Each structure stands twice: as structure tokens, then as C-alpha cells.
Amino acid sequence: MHTPVSHFIEFVRRSPSAFHAVDEITRTLLERGFTPLSEQDAWSVAPGGRYFVTRNRSSVVAFAIPECGFAPFQIVASHSDSPTFKLKPAAEDEVCGQYVRLNVERYGGMIMSTWFDRPLSIAGRVLVRDGSRMLTRLVDLGRDAVLIPNMPIHFNREVNSGYNYNPQVDLLPLYGGGEARGSLMREIAKVLGVPEDAIASGDLFLYNRTPGSIWGASDEFFSCPRIDDLECAYTSLQAFLLAGCEGHINVFAVFDNEEVGSGSKQGADSTLLSDVLTRTAAALGASDSQTRAAIAASFMASADNAHAVHPNHPEKYDAQNRTFMNAGVVIKHNANQKYTTDAVSSAIFAAICERAGVPVQHFSNRSDILGGSTLGNIANTHASMNTVDIGLAQLAMHSCYETAGTADVDHMIRALTAFYETQITTRADGEFELG
Ligand code: CO
């Protein structure tokens with residue numbers, strides 16, 4: 001089957017870590033003729049050109065310049081990371097002389113109970129020494145390698161009445177029997193084809209090996225790991241590649257570290273996006289004033305998944321502003337600006353979807369529920385512009401096996417293709433024209 005959903009599930013399978021997701025994206029960009037730029041070099045870009053740049057190999061920004069040259073930007077931003085467990089530097093820990101388990105810590109806010117009793121593996125990046133050089137290599141054990149076993153109910157009678165999991169005690173994965181001591185780094189070196197002592201350090205994470213599944217009475221649902229936020233990264237990439245580009249510079253951005261607050265050198269709270277915008281402007285000959293004018297006239301869609309009403313807890317959702325799977329792109333609203341959406345950006349984005357024939361839904365939290373946050377408002381503190389927060393409605397956010405709507409992958413690709421192809425012209429503060 002080659003529906004957009006099965007392609008997305010395959011993208012997830014090939015993206016076990018943020019590094020692998022960005023690698024997968026840059027491979028596609030290269031195949032499609034994009035030119036890689038390095039942040040460490042001077043940039044030379046030209047009208048009609050298409051480029052991308054990575055930072056830390058876990059964030060990527062790509063852009064397409066129209067034939068007319070320098071112009072305002074239309075940006076879609078999503079994130080490459082998902083909640084998981086990170087291996088500590090010395091990860092192996094022997095228990096009773098009979099087991100080797102791995103010492104891990106939480107990355108982001110996962111639902112811990114979902115990580116038990118399922119085959120897991122390990123992926124990420126390592127730094128490999130080669131003489132005086134240090135090289136980044138991505139690594140994926142690619143097999144069912146570890147598992148976090150539950151306690152038997154006979155020793156934990158309260159497990160079904162709200163057990164308080166301790167991540168330093170309950171969530172450490174089993175890697176092998178006693179004789180496995182010392183074999184983790186040996187296995188990683190073997191997968192990479194390098195001597196074990198060449199591995200200088202690593203950023204290694206657990207991932208869920210359960211394959212994706214399309215299911216339901218009419219195959220209307222699908223489940224797989226990391227739907228938040230690879231679904232938005234994947235669909236925005238497809239739209240970016242499909243869309244023509246006239247009158248504005250289309251930008252596709254995927255940031256790492258959203259799940260831990262975006263405050264890293266490669267996160268949405270870094271200079272990455274503003275560096276790319278200002279360096280592109282400078283390379284196209286724009287003055288500082290022209291650059292600021294273009295950024296002020298730019299528009300961003302912050303794309304991160306949204307909550308579908310849970311079938312067993314509809315009371316947790318706002319009565320009038322609730323969203324469902326397969327019912328279209330979600331525009332997210334929050335009075336305290338956890339979401340950037342306002343009357344301006346909501347009106348513009350909804351109009352674009354309407355013209356593209358894509359259904360739109362509006363989400364607000366119940367006023368007595370705090371809700372989540374995302375990267376749009378954070379990115380806006382570095383490059384400020386009209387921004388809308390959008391996503392696709394999904395269930396079980398931050399489970400290691402999430403669920404979303406089969407029809408929505410196509411909804412988002414069509415909505416964002418229309419967004420990239422629409423000329424949003426600012427006539428005055430608060431006055432716009434869609435071309
Ligand atoms: Co997210």
C-alpha cells in the first residue's frame with residue numbers, strides 16, 4: 001500500500017532518533033536537488049535556488065528562493081524530537097551478577113507506563129576518533145535489543161490504582177545476562193565498523209520497535225511511535241517539495257529539543273531561524289532595513305500536533321472548541337499565548353485552507369486545564385512575525401505508541417502546499433491580501 005499514511009509510517013521507521021529524522025529529511029532534499037550550505041562558511045545564494053542547512057545534525061532549515069529574488073518569508077516549523085530515554089555516559093549496570101541493565105534518564109515528558117514490556121532498541125549519534133579528527137556517525141542497533149520489564153502484579157498490587165513510577169528504579173531497561181557486561185559499546189562499534197576504543201562519546205536514546213499499524217472499522221486510524229511531531233515534519237516536507245514558489249521565500253524548518261523547552265543551540269529558542277533568514281537576505285543583497293521589512297511582512301505556521309477528544313474522557317475537552325481525528329487541520333488558540341494564533345493569523349490560515357478545500361477545526365483547552373506549549377511563541381522571540389499554531393488531532397500524545405487519523409496526513413499536505421503557494425501580502429498593520 002502506498003497511501004500518504006504508509007509513506008509516513010515508513011518515514012517514522014527510518015527516523016528512530018532526531019538525528020535520523022534530520023538525516024532522512026536532508027537525504028530527500030539532496031535527492032530533490034537542494035544545495036547544502038554550511039553555517040561555518042560564507043553563503044552564496046541566487047534567485048531560483050534551493051538550499052538547506054543543518055545545525056547539530058538534529059535541526060534543519062531549507063528554503064526556496066523565487067526567481068524575483070529577495071522577498072518576505074513563509075515558514076512552516078515543526079520538531080524532530082520526541083519524549084524518550086537517554087543513555088547516561090556510563091550506561092551499563094550489573095545486577096546480581098546475572099543481568100546487565102542500562103542506566104537511562106528521561107528526555108521530555110513521556111507516559112512512562114507505555115514503555116514497559118515491548119521490544120526497544122537504541123539509536124542516536126556517536127563521535128568517532130579518526131587520528132586527530134572527530135567525526136559524527138549516526139548509529140541504530142536496528143534490532144530488538146532491550147526491554148523494560150514490568151514488576152509482576154504479585155509484587156506490586158497497586159499497579160492498577162495509580163502507581164508512582166520512579167525513573168531511576170522502575171524504568172531501567174534490561175540489555176543482557178551477566179555475560180553481556182561490556183558488550184554495549186562493542187555492539188555499537190561493530191554496527192559502525194570502527195574499533196571500540198575509537199568511540200569518544202555518544203548521544204544515544206531508546207526507541208520503540210513496534211511497527212506502525214493502520215486499523216479501525218474502515219482503516220480510519222493509524223498508530224506508530226513519534227507521531228508528535230514527525231507527522232508535522234513529514235507533511236510539511238511533502239508540502240514544501242510540492243509547492244511552487246513565487247513572490248516570497250518558502251522556508252521549511254525542523255527544530256530539535258522542543259520536548260525539553262527548545263533552549264539549546266539548535267532549538268527553536270536559538271539563533272538558528274533568524275540566522276538563516278538574515279544570512280539569506282544578506283546573500284541576496286538586502287540591506288538591514290530591507291531585511292527587517294521582509295521579516296515584518298513574513299508569516300509562520302508553527303506545526304505541532306493537537307489533541308483529539310479521547311473516546312473515554314470527552315469531559316476533559318472544551319465543549320465548543322474540541323477537535324477530532326480525520327476532521328481536518330487544527331488551529332490552536334490560547335489566551336495566554338502558549339499558542340501564537342490570534343485573529344489575524346487564524347483568519348489568514350483558515351482562508352488558505354478553505355480555498356484549498358481542506359477542513360479546519362479550532363482547539364482551545366478547557367479553562368480549568370493548563371494544556372501544553374510548543375515552539376511558535378519561542379521562535380517568535382527571535383524572529384517576530386504573524387504566526388499561527390496548527391497541528392493534527394491525535395490520541396495518546398507522549399505515549400511511545402500514538403494514534404492519529406488516516407485522512408489527516410493528506411489534509412495537512414494539501415493545507416501546507418496551499419500555504420506555501422499563497423502570496424500573503426501585508427498592506428498595512430492588520431490589513432492583508434491573499435494572492
Ligand atoms: Co510536539
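On a 1 Å grid over the protein atoms alone, a cavity is a set of points where a 1.4 Å probe fits but cannot get out, while a pocket is an open set with protein on both sides within 12 Å along at least five of seven lines; a lining residue has an atom within 4 Å of a point. Points are joined across faces, edges and corners, and volume means the space filled by probe spheres set on them.

What we have here is a predicted model, in which local features need pLDDT of at least 70 and side-chain atom pairs count only at pLDDT 80 or more, whereas totals for chains, interfaces and linings use all residues. Residues are numbered from 1 along each chain as its sequence is written, and side-chain values use heavy atoms, with hydrogens and water left out.

Around the largest cavity sit P72, Q74, H248, A297, Q423 and I424. Its lining has 3 nonpolar, 3 polar and no charged residues (Ala, Val, Leu, Ile, Met, Phe, Trp, Tyr, Cys and Pro are nonpolar; Asp, Glu, Lys and Arg charged; the others, Gly among them, polar).

The largest pocket holds about 580 Å³ of space. Of its 29 lining residues, H307, Y339, G371, G372 and M397 lie nearest the centre. By class, the pocket lining splits into 10 nonpolar, 13 polar and 6 charged.

Now for the metal. The cobalt ion is held by H79 (NE2), D228 (OD) and two OD contacts from D304, at 2.0 to 2.6 Å; donors are N, O and S atoms within 2.8 Å of the metal (3.2 Å for Na, K and Ca), and with water not among the atoms, sites may look incomplete. The 4 donor atoms subtend angles of 53 to 143°, so the arrangement is irregular. Four donors are tetrahedral if all angles lie between 85 and 135 degrees; four are square planar and six octahedral if opposite donors are over 155 degrees apart and all others between 65 and 115; anything else is irregular.

H79 lies in strand β4 (residues 73–79) and D304 in the loop between β14 (299–303) and β15 (306–307), so the pair ties together parts 225 residues apart in sequence. Strands here are DSSP runs (E, at least two residues), numbered from the N terminus. Both H79, at 0% relative accessibility, and D304, at 4%, are buried (under 20% relative accessible area, 1.4 Å probe, protein chains only).

Terms used:
Helices (H or I, at least four residues) and strands (E, at least two) are DSSP runs, numbered from the N terminus. Buried means under 20% relative accessible area, exposed over 50%, partly exposed in between (1.4 Å probe, protein chains only).
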